[in-house]
Every structure is written in structure tokens, then in C-alpha cells.
Amino acid sequence: MVIPRNEDDVLAALEVCRLHEVPVLARGCGTGLAGQSVNEAVMIDFSKYLNRIIEVDPDRRTARVQPGVICDQLREAAAVHGLTFAPDPATHDRCTLGGMIGNNSCGTHSVMGGKTVDNVLALDALTYDGTRMRLGPTTPQDFESIVRAAGRAAQIHRGLAELRDRYAQLIRDRYPAIPRRVSGYNLDDLLPEKGFDTAKALVGSESTCALVLGATVRLVPDPPRHSLLVAAYPDACAAADAVPELLDTELIALECFDAGVISNLDAHDVHLPGTNELPPGGAWLLAEYGGDTQQEADAKAHAAARVLSTSDNVSVESDPARQSDIWEVRRSTIEYTRIPGRHSGLAGWEDAAVAPERLGDYLRDYCALVERSGYHTVLFGHFGQGCVHNRLDLDIATADGIDRFRRFIDEAGDLVVSYGGSLSGEHGDGQLRANQLGKMFGPELVRAFREFKHLFDPDGRMNPGKVVDPYRPDQNLRLGPDYRPPSVRTHFAFPEDEKGFADGVNRCFGIGKCRRLSGGTMCPSFMVTREEQHTTRGRSRLLFEMMRGAQDDPRRLWRDEAVKEALDLCLSCKGCKGDCPVDVDMATYKAEFLAHYYAHRLRPRAAYALGLIPLWARLAGRVPGAANTLTHAPVVNGLAKRAAGVAKEREAPGFASRRFGPWFAERAPNGASPDGPEVVLWPDTFTNYFAPEVGISAVEVLQAAGFTVRLPRRELCCGRPLYDYGMLSTAKRWLRAALEELREPIRAGTPLVGLEPSCLAVFRDELVNLFPHDMDARRLAQQSLTLSELLTRHGYQPPQLHRRALVQAHCHHQAVMGFDAELDLLAAMGLDVERPDSGCCGMAGSFGYEHGERYEVSLKAGERVILPRVRETPKDTLVIADGFSCREQIAQGTDRRPLHLAQVLRMALHEGPEGTPGDYPERGWYEPPPRADKAVALTAAAATAGAALLLGALRDRHDRPRQ
């Protein structure tokens with residue numbers, strides 16, 4: 001991988017590649033579905049640095065961009081002027097313009113504005129031999145000027161003109177006249193009637209001819225108001241039959257998906273609100289109309305509804321929010337088609353296209369072929385342009401399965417060509433379909449494709465084996481008949497994956513949702529570094545390669561330094577478990593890997609200092625004043641941080657002067673409700689030793705709600721910090737102790753309420769993964785609730801608090817428990833809630849405390865959204881964060897101290913609707929360190945030195961996997 005900072009870096013990289021005669025491939029988001037974005041080559045990733053929008057010219061309706069610009073970034077910049085970039089594939093929030101140009105991407109609104117090729121005006125191209133050219137429409141005068149200048153550019157243009165002249169009539173005869181022809185090279189754009197457009201000819205060439213260093217693209221007006229016509233049909237074939245009726249109705253989009261999409265969402269336990277808005281049926285057409293006013297857009301949609309003669313279930317949605325919900329169902333189709341353990345959902349025959357008028361008949365024949373081949377499919381796509389997407393449950397891990405797949409795609413190619421269609425209508429040929437181009441274009445034009453590539457790339461070094469002289473579709477398979485993942489003993493059981501850890505790390509199918517720069521939580525480290533190895537996808541891929549490599553060399557297993565490096569900056573936030581369409585759980589994979597990686601090895605100092613914080617807190621809680629001196633006094637503070645591997649910039653949280661447990665034993669019974677239902681309140685380490693005011697508030701709120709509150713009889717810990725360092729044997733021992741202590745309330749069905757989201761997530765997630773056959777573990781997972789879940793389930797009517805609130809949701813809360821109950825309860829209180837799209841705050845438990853790159857990533861993650869937003873928030877606005885680490889990140893990065901939900905509820909109970917935070921919830925029970933005299937300082941220094949020696953000597957000798 002080469003990640004160039006500027007264009008000179010690209011030139012230098014090519015020079016090195018020429019010296020060693022190695023292939024080159026440009027990479028955008030890396031979501032190509034036909035194999036075009038992977039190869040044995042030097043890959044150049046433009047997305048990190050060469051990602052500037054150089055200019056937006058609203059008068060000319062153009063923009064100049066570098067190849068790493070993300071589609072949505074350009075669309076947002078254009079929207080300021082009432083314009084947009086029309087192509088918007090499903091990956092529009094992460095795909096790059098360079099990748100879109102490489103694949104000739106399309107998307108939902110290509111009905112309105114065409115494919116990428118229709119929107120490219122000029123390209124700044126660089127060939128393998130270092131020739132840089134500006135390509136675009138070429139008049140005869142321009143052509144003569146270029147040829148007179150001599151050199152490689154002249155040679156290429158002269159060759160293109162000769163190729164055009166030799167093949168012009170064949171191009172006119174053989175290129176299908178349909179809206180979505182993406183297969184092959186765009187030789188038709190070299191024709192005189194198309195202006196000998198060398199830029200458009202290069203679009204869709206899949207990095208097989210040249211690199212794109214920049215582009216000038218067209219922008220089109222974006223109607224400010226939209227209206228959505230939704231029409232239901234028995235199946236996708238019937239929906240396709242209705243498409244011709246809508247083609248002349250001023251459409252800006254016409255999409256379809258079938259009921260299999262809803263079934264896939266159900267299988268993922270995902271409910272999108274838009275499914276509630278769909279009229280009854282087995283497939284749905286979504287026809288979008290635009291206008292300057294809502295009335296104008298609605299009038300077009302209602303007029304189109306009257307045109308439809310084949311559906312009685314039609315609705316028109318005017319409300320933007322409801323439209324967005326329905327579109328979200330369509331957008332989900334590409335992400336939720338793979339169901340681990342049920343079917344692979346692979347793009348084996350992904351995006352063929354025919355004339356829209358013939359789409360219904362084509363689909364019937366295609367579905368019959370799928371059934372004959374023994375596959376299952378889900379249908380969706382851009383029906384307004386005759387392009388069909390689908391996913392298939394392919395077997396590409398056995399010889400018989402691969403042979404069946406080979407026969408299927410061969411027959412599928414014959415079928416689409418018989419309908420005068422295109423093998424690819426959006427995602428390109430790559431190596432998946434390129435060997436069938438002769439069926440579509442004939443051998444002469446395939447020869448012309450070879451000549452076209454040779455003009456730009458005579459040595460065949462640009463992305464070889466794709467489009468021209470391609471690899472076979474059954475080569476370079478990710479699995480293949482030789483894939484034999486080793487059977488490994490693991491701490492976690494991975495019960496949802498048939499082959500355990502090996503299947504878990506193979507869940508990812510490359511959709512790249514983890515490469516988003518905003519929206520959701522996944523993946524905070526990538527949002528900061530923009531490095532592929534820090535995406536969930538990149539890490540998952542490396543773990544998969546680790547398992548595959550162990551087939552030949554078992555000694556490599558668990559000791560792979562590339563995997564370790566990629567996982568080092570994983571925040572274990574579980575954002576991927578919540579956001580990833582196939583529930584890749586990198587936090588769990590990381591914990592499993594580290595458990596094996598460090599077996600019989602010393603861990604970093606931070607693992608013993610921060611991973612074992614429950615033990616240190618138990619000691620420090622007995623002498624909080626001395627502990628605070630050790631962690632806050634000058635000089636001693638620095639020594640302590642250095643010994644523990646903590647960043648010098650971080651302030652250690654102060655130990656409370658009195659723990660929550662003793663307070664509860666003395667005072668909580670006085671407010672008990674003897675007849676109320678019992679609830680066990682889990683006193684996590686952070687609440688017990690650092691923030692007892694949160695626990696006290698929770699007890700008061702629960703008692704006011706009529707509950708009888710109990711605490712476990714002895715101090716326990718779920719082991720949350722242990723997972724970050726792979727101390728899984730210790731974590732299992734602590735969880736066994738918790739199960740033993742809680743056995744009676746567990747079997748009595750008593751709910752357990754957790755105040756710290758990360759600790760509660762252990763009971764809901766890690767517990768059943770570590771003890772999949774323990775019925776008490778399963779019961780506890782089902783009975784463990786957040787405070788908001790318990791209160792809302794019991795119909796609690798919260799006290800009113802008429803204030804504004806800024807809410808930061810803890811990552812584990814969102815990913816494992818879901819955040820809806822929290823938002824519902826806050827809304828029921830009368831709070832005006834703002835929840836910024838901030839993702840992970842960056843602290844992520846111990847991660848943000850560690851020195852070096854982890855601290856830097858933590859700070860940058862926080863500065864993305866949440867810290868600036870808190871600083872901008874008026875002082876009378878409540879800042880709410882249930883996670884201890886979230887509260888610490890905000891407190892250390894701003895001048896605000898956030899509140900837990902329990903504190904906010906208590907405030908409303910005591911202060912009334914206009915309540916203010918006051919001293920109690922703001923200050924907590926923190927005891928500042930006393931002034932240290934010489935004796936105290938010497939004692940603290942000695943203790944620090946002793947702790948440093950102890951941390952350096954500790955070894956978790958028993959951390960071995962057990963079944």
C-alpha cells in the first residue's frame with residue numbers, strides 16, 4: 001500500500017514500480033464487487049490525503065476534485081448552491097470519486113443525472129510510464145495540436161483515433177442502446193458524434209489503463225422538495241412490468257426491492273421504521289419526484305399514481321422524514337444480504353442490466369435460472385434503468401460448489417446477452433464477468449479492448465487480469481476448496497459462528513461501512529487515521545489471513561505482528577457490533593487474539609495498571625486521600641503515570657472520600673419500599689470508588705419508583721477492563737464468582753440494573769459468549785437492564801424537568817443494549833434533547849489514558865464532534881453521559897462535568913421542573929488530595945517505585961484458553 005501525501009509521491013511510487021516491473025492498482029473505498037479492487041500489486045490509496053475539493057463553480061455547474069474526495073463530501077459542497085453530483089451509489093457516504101470513475105458508478109438518481117461517465121468533463125491522468133495528460137472532449141484542432149507536440153500523449157491520441165476508425169461501425173452495431181451499459185471500455189465515446197471524448201473513454205476502465213489524479217465533473221440542479229410514490233406488487237417481476245408506465249413521468253429516481261430484503265432485516269434483528277410505511281405486497285417500486293415546492297413535487301407523484309394500472313396498493317409520501325425512512329429500507333439492501341450461518345449473500349451475478357421495457361420478462365427467466373441452480377436470491381435495484389442487483393447463497397469453498405457457480409454465471413451471461421443487455425450495469429467487469437465480454441461484444445471488439453489498454457499500458461502493469469486477458473471467475477477466491485481454517489481452542493465460544501473464531505473473522509464481506517467519516521460509531525480509529533488497517537474491515541481481513549496462513553504454518557497463529565499492530569488502535573468500543581451489517585465484533589476478536597498473543601508473555605505496564613484497576617481501586621478505596629496524593633501530587637504524579645504507562649497529559653480520576661457500598665449499607669434501607677418489586681443494583685468499580693453520587697442517585701430514583709433495592713453481599717467485578725488486554729482467564733474467574741453470588745436472585749427472576757453501560761454490556765454480551773451452556777449466565781443476560789430499560793418497562797412516569805440536554809451515548813450502550821429506552825425516558829421528562837452524531841467519545845475505558853498514539857487518537861476522536869459541541873453548549877444545558885469514561889473525556893476536555901441519567905432523574909425529584917444541577921451532582925464525593933508534607937511525599941514516591949517494580953514483574957501465568 002502506498003498512501004501518497006501529494007502528486008509527487010504518486011510519481012515517485014510509479015518510478016519505483018517501473019524499476020522493479022511490478023503492477024499498480026489505484027484504490028478508492030475498496031468495495032468493488034467484481035474483483036477489480038484487489039490484486040497482487042502495489043496499491044495506491046488516494047483517500048487519506050488527496051481528497052480536496054479544489055473548486056466548485058456554481059455558474060458553470062462544475063467542480064474540480066482530487067480522486068480521494070468522498071461522494072457525499074462533493075454533494076454537500078454542491079448543495080450549498082442548490083446543485084448535486086447525480087451518481088449516488090449505496091456507498092455514497094464512503095466511496096471516493098476516483099473509485100466511482102474507475103467503476104463508472106451510478107446509483108439511485110442516475111435516472112435524473114446519468115452514470116458517472118455522463119458527469120465527467122475532464123480527467124488528469126497518469127500512465128504507468130509516467131506520462132501525465134489532460135483528457136476530455138477533443139476537437140480536430142485539439143487533436144492536431146496534441147499530435148504535433150509528439151511524445152507519449154501524441155502517440156496515445158493517434159492510436160485512439162486509429163482504433164476508433166477501424167472499429168467505429170462495430171461499436172455502433174454491437175454496443176447495446178440501454179441506459180446501463182457499464183461492461184467493456186467506453187469506446188463509443190471516441191466516436192466523432194460523441195466528440196472523441198478521451199476522458200469519458202477512460203471512465204470505467206477499472207485502473208487497467210491509467211491513474212486518475214484529478215477530475216472536473218458536472219453538477220446538476222437538485223430539486224429542493226421531493227415526493228415519493230410507493231407502489232406494491234406481488235413480486236419483483238410484476239413490479240418490473242410496471243416500470244414502462246412510469247418512465248415518462250418526470251422521474252428523478254425509480255428503485256425496487258422485494259420482500260426478501262425485509263426477511264433479511266428480520267434475520268439480523270434490525271427493524272427500520274420505513275418498513276411500517278410500506279403498503280402490503282411482495283415487492284415495492286419507489287418512484288421519486290422533485291419540485292421547487294412540495295406542492296409541485298406532490299402533484300407529479302399523484303399524477304404518476306394515476307398512470308399506474310397494475311397496482312391497487314399505492315401511496316404518496318410528502319413528509320421528508322417518512323420518505324427518508326422508506327429510502328433507508330432500500331439503502332439497507334446492499335448491507336444486510338449476508339446472514340452468517342444461513343446464506344452467504346455474495347455478489348456472484350450482481351448487476352446485469354437490460355432495457356427497462358424488457359426487465360419483467362428477463363427477471364422471470366433469471367429467477368428460473370437461480371431456482372434451477374439451487375440458489376436463493378434477494379432482488380433489488382435500479383429498475384428505472386433496467387439494472388438488477390441481487391445476492392446469492394453461493395458455495396465457493398468446495399470443488400462441487402465452485403463448479404456449480406461457474407456453470408451458473410456462464411448461463412446467466414448467455415441469458416442477459418439474449419435480452420440485448422449488459423453483463424454489468426453498475427459495478428464493472430473486473431475478473432468476475434470479463435471472460436464473457438466476447439458474448440456481448442464479439443471477438444473483434446474484445447480485440448479492440450486489448451488494443452485500447454495497450455495504448456495506455458503497453459507493458460500490462462496496470463491492474464492486470466481485469467477486463468482484458470482476465471483471470472477466470474473461479475481464480476483468486478477468498479475461500480476456495482483449499483481453505484481449511486485450523487481448529488483452535490478459544491476462550492470465547494462464538495456460538496453464532498459454525499466454525500467458531502474462524503467463521504467469526506470471515507463474517508466481513510467488504511461493504512466498507514466502517515470507512516464512513518461520520519454517522520454511527522464504527523470505526524473511531526479509522527475516522528482519525530483514515531488508514532485501512534484501522535477499519536473494522538481491515539482488521540477482520542487481517543485476522544482472516546492469519547487463520548488462513550496458519551493452515552501451512554501453525555506457528556504463525558496468534559503471534560502475527562501485523563494483526564497486533566492493526567489491533568493496537570482498536571478502541572474496543574463495540575461500534576462495529578452495533579453498526580456492522582454482519583455484526584463483526586472486533587472488540588471480542590481483539591480480546592481473544594490478545595489472550596493468545598500474550599500467553600506466557602509479559603503484557604504492557606498499562607495492562608496491569610489499568611486492566612487490573614478493580615484491584616487497585618479496592619486498595620486505594622481504603623485510603624482515598626493517600627491514593628489521590630499519589631495520583632495528583634506534583635512529581636509523584638508523573639512517576640506514577642510513567643510507571644503505569646499513562647499519558648502525562650491525562651488527569652487520573654479522583655477516588656471518592658467514601659465508597660457507595662458502605663453508604664448503601666448504612667442509609668439505603670431507610671428509603672426502602674418493603675412491598676415493592678426487588679431489583680439488584682450492580683455496584684461497578686467506577687460507581688463504587690470514583691462516582692458514588694451516581695449510585696446514590698440511582699437508589700433514590702429506584703426507591704421513589706417503588707422498587708426495593710438490593711446490592712450483592714460482597715464486592716464483585718464484571719472484569720470489563722480485563723477484556724481490553726486479553727486477560728480472559730481472569731475475567732472468567734471473576735464472572736464465575738459473580739454468577740455464584742447472584743445465583744439466588746438470578747433464578748428468582750430478579751432484574752439486575754447496571755449503571756455503567758460497559759459493565760452491563762458484559763452481562764448482556766461477553767457473559768454468554770464465555771459461558772454459552774450455563775443457564776444462569778443466559779438468565780442473567782436476559783435479566784440485566786439499564787436504568788432506563790427497567791423504568792420504561794415498568795411504566796414509570798418520570799418527574800418533569802423542563803431543560804435542554806446534550807446527550808453523549810456510550811458506545812457499548814448503543815451497540816449492545818440500544819439507546820431508545822434512554823431517549824424515550826428523557827423525552828418523557830420533558831427535556832429538549834440534542835444527541836449529536838458524535839460516535840465514540842474517544843476515551844473508551846482505559847484506551848484514552850494510555851500514552852503515545854492511543855492518547856492522540858483518543859483526543860482526536862473526541863475533538864471530531866463531542867468536545868467542540870460541549871464547549872459550544874450554553875451553561876444552563878445539561879450534559880448527560882452514562883458512561884464513566886465518556887464523562888471523564890468530556891470533563892478533561894472541556895469545563896463541564898456531565899451527569900448520569902440517575903443524577904438527572906434525582907435532580908428532577910428534588911428540584912422540580914426547573915431544577916438546576918447544584919453542588920451535589922456537579923461535585924460528587926471527590927476528596928481533593930491533601931497538601932503533601934515531606935513524609936507523605938517520600939511515602940508516596942516509595943509506593944510509586946514499588947508499584948512500578950510490581951507492574952514490571954507481573955505476569956498472568958494462568959491466561960490459557962479453556963473449553
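These legends describe close-up views of a predicted model.

**View 1. A patch of negative charge on the surface.** Four glutamates, Glu561, Glu565, Glu853 and Glu856, gather here in a patch of negative charge on the surface. Two helices, α19 (561-568) and α37 (853-864), each supply at least two residues of this negative patch.

**View 2. Glu856 in helix α37.** Glu856, one of the residues of the negative patch, lies in helix α37. Its relative accessibility is 44%, so Glu856 counts as partly exposed.

**View 3. Cys508 and Cys514.** A search of the whole structure finds 0 disulfides. The closest cysteine sulfur to that of Cys508 belongs to Cys514 and is 6.2 Å away, which is too far for a bond. A disulfide needs two cysteine sulfur atoms within 2.5 Å. Cys508 has a relative accessible area of 10% and is therefore buried.

**View 4. Cys759 and Cys718.** Cys759 is likewise in no disulfide. For Cys759, the nearest cysteine sulfur is that of Cys718, at 3.7 Å. With a relative accessibility of 4%, Cys759 counts as buried.

**View 5. Met907 in helix α40.** Met907 has its place in helix α40, which runs over residues 901-911. Its relative accessible area is 1%, so Met907 is buried. Between Met907 and Val307 there are 600 residues of separation in sequence. In space, Met907 and Val307 are 59 Å apart, taken from C-alpha to C-alpha.

Methods: Residues are numbered from 1 along each chain as its sequence is written. This is a predicted model: local features need pLDDT of at least 70, side-chain atom pairs count only at pLDDT 80 or more; totals for chains, interfaces and linings use all residues. Side-chain values use heavy atoms; hydrogens and water are left out. Patches are made of residues with over 30% relative accessible area and no salt bridge: like charges are joined within 9 Å, nonpolar side chains (Val, Leu, Ile, Met, Phe, Trp, Tyr) within 5 Å. Accessible areas come from the Shrake-Rupley method with a 1.4 Å probe; for residues, only the protein chains shown count as cover. A salt bridge is a side-chain nitrogen of Lys or Arg within 4 Å of a carboxyl oxygen of Asp or Glu. Lys and Arg count as positive and Asp and Glu as negative; His and the chain ends are not counted. The place of a charge is taken as NZ of Lys, CZ of Arg, CG of Asp or CD of Glu. Helices (H or I, at least four residues) and strands (E, at least two) are DSSP runs, numbered from the N terminus. Buried means under 20% relative accessible area, exposed over 50%, partly exposed in between (1.4 Å probe, protein chains only).
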